[in-house]
Amino acid sequence: MLTEPTAADDKIRCDACPVMCYIKPGAAGACDRYANHDGRLVRVDPHILLERTVSHGGRLVPFQATGDWDGKIVHEPSLFVTAIGAGTTYPDYKPAPFIVSSEIDGVDMVTVVTEGIFSYCGVKVKIDTDRYLGPETATVRAQGEAIGHVTTSEYGSQMLSLGGVHHLTGGSKKEGRVTCDALMDLSNCKPVELTIDGGATVVVQAGHAPVVNGVAEERMRVGCGSATIGMFAKQWLGKVDEVVVVDDHITGVLSEHQAGKLLDIADTGIKMKGRRSTPGRYFQVAEPGTGWGGTKISDPLSVLGPFDAKKARPGMTMLMVSTTGEHAAFYELDEALKPVEKQIPAELQLSVERIQENCEPALCTVLFMAGAGGSLRAGVTDNPVRLTRSVKDALTRVTSGGAPVYVWPGGGITFMVDVTRLPAGAFGYVPTPALVAPIEFTLRLSDYAALGGHMDHVRPLASLKGNTETLQISSPPSAPGRRP
Amino acid sequence: MTRTPLIRFLADGRRLNLQDGPIDLIVEASGSPANLRAAYAAASHRFTDGLLDELCRELPLLRQAADPARCLLQGKVARRMHDAVAPFAAGCFITPMAAVAGAVAEEILRAMVEGARLDRAYVNNGGDIALHLANGEQFTVGLADLPDASGLLRTMVVHADDPTRGVATSGRHGRSFSLGIADAVTVLARTASQADAAATIIANAVDLPGHSAVTRRPACDLQPDNDLGTRLVTRDVGALSGGEIEDALEAGAASARELLAAGLIDGAALRLRDEMIVVGTKTVELPGLRAPLRGPVAEGGLHV
């Protein structure tokens with residue numbers, strides 16, 4: 001490829017086709033498929049625009065290079081043709097003339113008179129943290145622009161809903177551009193700093209731990225302190241007199257907790273600081289921080305008052321542990337009923353490790369979500385639901401960059417995909433602004449024929465090599481449901 | 001680099017997509033299965049039979065202003081491009097490239113119609129469309145606001161006994177640069193290449209020269225080898241008053257009426273922001289309504 005910049009202005013000459021465009025840095029050639037990126041010729045269309053894919057060639061049918069079709073959706077050894085690199089007719093938008101097929105409202109073709117907007121997409125972000133990120137429905141910003149909102153909390157996680165058509169195209173130009181950039185970066189597994197109105201600043205990167213107000217999360221806690229008591233009470237029975245699970249949210253105390261009562265665990269005369277919620281459950285035992293259980297303490301005894309001499313007795317044992325098991329200490333009361341730290345007995349150490357084991361690494365996960373319904377409704381096929389039905393009936397399998405997707409029930413083809421399962425750089429954008437994502441429709445050759453496919457134009461996989469990226473996947477996507 | 005033209009059927013299993021370099025065609029025909037097969041084979045064959053290479057061999061000349069009096073071009077498609085722009089070349093700067101999309105669409109359609117007996121066929125080259133209609137057949141062309149719109153702004157019916165066999169759209173949003181500010185000008189003409197050239201001319205005429213809200217840049221700053229050279233092309237259009245929109249559209253409509261009177265087009269629909277002017281005798285309908293000849297598009301038509 002002729003990519004040497006010419007001296008004067010870094011324009012390069014593309015030799016992808018005989019037009020041989022000169023392309024300036026940051027610009028694309030006549031086809032809009034190849035561009036000059038920092039003096040390098042790059043292909044900028046390796047992503048099929050979602051809706052255009054459905055409307056303009058969504059099906060990529062993998063064919064084996066040799067032998068007879070064996071009926072498998074993907075032929076071994078898992079060579080799977082993705083939409084990445086398949087190209088799109090989008091660049092031919094001028095201004096996006098758009099042809100729908102016949103018979104919709106008696107119209108044979110449609111010329112679109114303004115720029116096409118394919119913006120029905122966004123990301124759902126799950127951030128594994130118990131730290132307060134912000135109130136529900138609070139605006140989430142990137143570079144000061146509103147790009148989404150905080151949605152419901154899930155267990156051990158905070159959820160954000162980012163992007164969508166209103167932020168992409170319903171607000172200011174800058175809002176749309178910043179939203180588009182943030183969505184693309186998140187989808188391409190790059191870190192993005194988000195600020196939440198009335199809440200925290202969090203750095204989100206798919207597959208990595210969230211960084212909340214400058215502090216990286218490490219583990220999701222197994223549950224709140226109270227829940228931890230509930231889960232492990234039986235394992236502690238008979239091995240220790242008292243257990244305190246230190247937690248920023250609800251600190252649990254075994255002997256007072258319902259779980260302890262049910263096991264007939266005796267009172268220990270323990271005295272907790274903080275505000276008692278219900279028996280054995282305490283709020284605000286300490287300020288939030290990065291110490292034990294999300295509090296700022298480094299000495300767990302600081303959350304205790306003096307033991308009640310009427311109930312406590314010398315020699316009583318106590319385990320103090322954080323909700324993640326990262327911190328733990330074992331104490332024995334001396335003659336003055338003061339806790340003295342001792343080596344944790346092996347059997348209690350086991351329970352601490354069990355807590356750790358149940359705390360999964362804290363991650364940010366990003367699901368890209370987009371809908372391909374609009375174009376279908378516009379009558380891309382002569383029967384607008386045909387492709388949808390084919391997908392819903394599992395005759396046609398939908399993947400995104402080869403990754404499995406979840407297709408929402410109901411109308412249209414709205415799907416979600418874990419962005420970490422796509423190849424690097426799989427997402428692109430158009431200045432509309434809108435995101436460009438790969439999507440593939442895979443179906444049996446026989447079904448393709450049954451749908452009126454023109455078999456004489458079917459191309460063997462081998463002919464795609466050289467101008468199409470192929471993706472090796474470790475296991476073929478599971479076959480869709482068997483045909484009825 | 002070896003390039004492989006893409007030949008495939010679209011998701012509906014019916015429309016053929018041909019793609020090579022900057023050319024991207026959507027093709028559909030109706031007729032008997034045998035004739036369809038023959039037509040698509042002919043289209044694919046012509047497409048891969050040096051179509052792009054032929055054009056590129058003459059690219060330097062195709063990028064120069066057309067001489068209204070003579071044509072030095074050799075290739076069939078190149079000469080068709082020249083013929084389409086020649087009627088305008090005396091009055092303004094225009095290169096054969098203004099008709100490249102329409103001319104390519106026509107060439108593929110010609111190959112199909114010569115190779116098969118078809119009831120109807122179209123070749124859509126990024127919005128520049130060549131039509132074939134056997135006796136009694138018709139095509140309905142819709143104008144939509146957005147591609148995923150569920151309704152249409154307007155529809156135009158092209159009957160076999162109409163002279164129209166080409167539809168083209170030009171405007172400032174597309175891949176090609178525009179000297180004007182029209183969002184879109186859709187033209188009906190006898191051939192796709194003629195429609196393509198005329199749409200370019202009319203879209204250029206929808207303009208507010210010197211207006212501060214219009215951002216323009218030399219074409220060569222954006223694409224070094226663009227045929228428009230140092231001419232200023234529209235990059236952005238800011239806020240315009242209702243009167244300004246009307247003025248700009250009216251300037252384009254005046255151009256369209258001249259072309260209509262000269263027999264160069266059969267009709268045109270000009271759109272800027274929410275305003276649309278329709279020029280020509282062709283029946284243009286709002287779905288469900290008769291279209292007003294000019295004025296704001298009805299609300300129901302906009303929110304499609």
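I shall discuss a sheet in chain A, then a pair of helices in chain B, and finally one cysteine. Please keep in mind that this is a predicted model.

I begin with the sheet. In chain A, 11 strands form an open sheet, in the order E14-E13-E12-E11-E8-E9-E10-E7-E22-E26-E25, with antiparallel pairing. Its edge strands are E14 (215-216) and E25 (406-407) of chain A, each of which pairs on one side only. Within this sheet, E8 (residues 139-142) and E9 (residues 145-154) of chain A are joined in the antiparallel sense over four bridges. Here A:Val140 stands opposite A:Gly148 in E9(A). Helix H3 (residues 173-187) of chain A lies across several strands, among them E7, E8 and E9, and runs at about 50 degrees to E9(A).

I turn now to chain B. How do the axes of H5 (residues 100-115) and H6 (residues 192-205) of chain B cross? They come within 7 Å and cross at roughly 170 degrees. H5(B) and H6(B) are therefore roughly antiparallel to each other. On the H5(B) side, the residues that meet H6(B) include B:Ala101, B:Ala105 and B:Glu106; those on the H6(B) side include B:Ala192 and B:Asp196. The contact residues divide into five nonpolar, two polar and two charged.

Finally, B:Cys56 is located in helix H2 (residues 51-57) of chain B. Leaving aside residues up to four places away in sequence, B:Cys56 touches A:Pro18 and A:Val19.

How values were computed
Residues are numbered from 1 along each chain as its sequence is written. Chains are lettered from A and ligands numbered from 1 in the order in which they are written. This is a predicted model: local features need pLDDT of at least 70, side-chain atom pairs count only at pLDDT 80 or more; totals for chains, interfaces and linings use all residues. Axes are lines fitted to C-alpha atoms, for helices over the stretch in contact, and angles run from 0 to 180 degrees between N-to-C directions. Helices (H or I, at least four residues) and strands (E, at least two) are DSSP runs, numbered from the N terminus. Angles under 35 degrees count as roughly parallel, over 145 as roughly antiparallel, 65 to 115 as roughly perpendicular and the rest as oblique. Two residues are in contact if their C-beta atoms, placed from the backbone, lie within 7 Å. Ala, Val, Leu, Ile, Met, Phe, Trp, Tyr, Cys and Pro count as nonpolar, Asp, Glu, Lys and Arg as charged, and the others, Gly among them, as polar. Two strands pair if DSSP finds at least two bridges between them.
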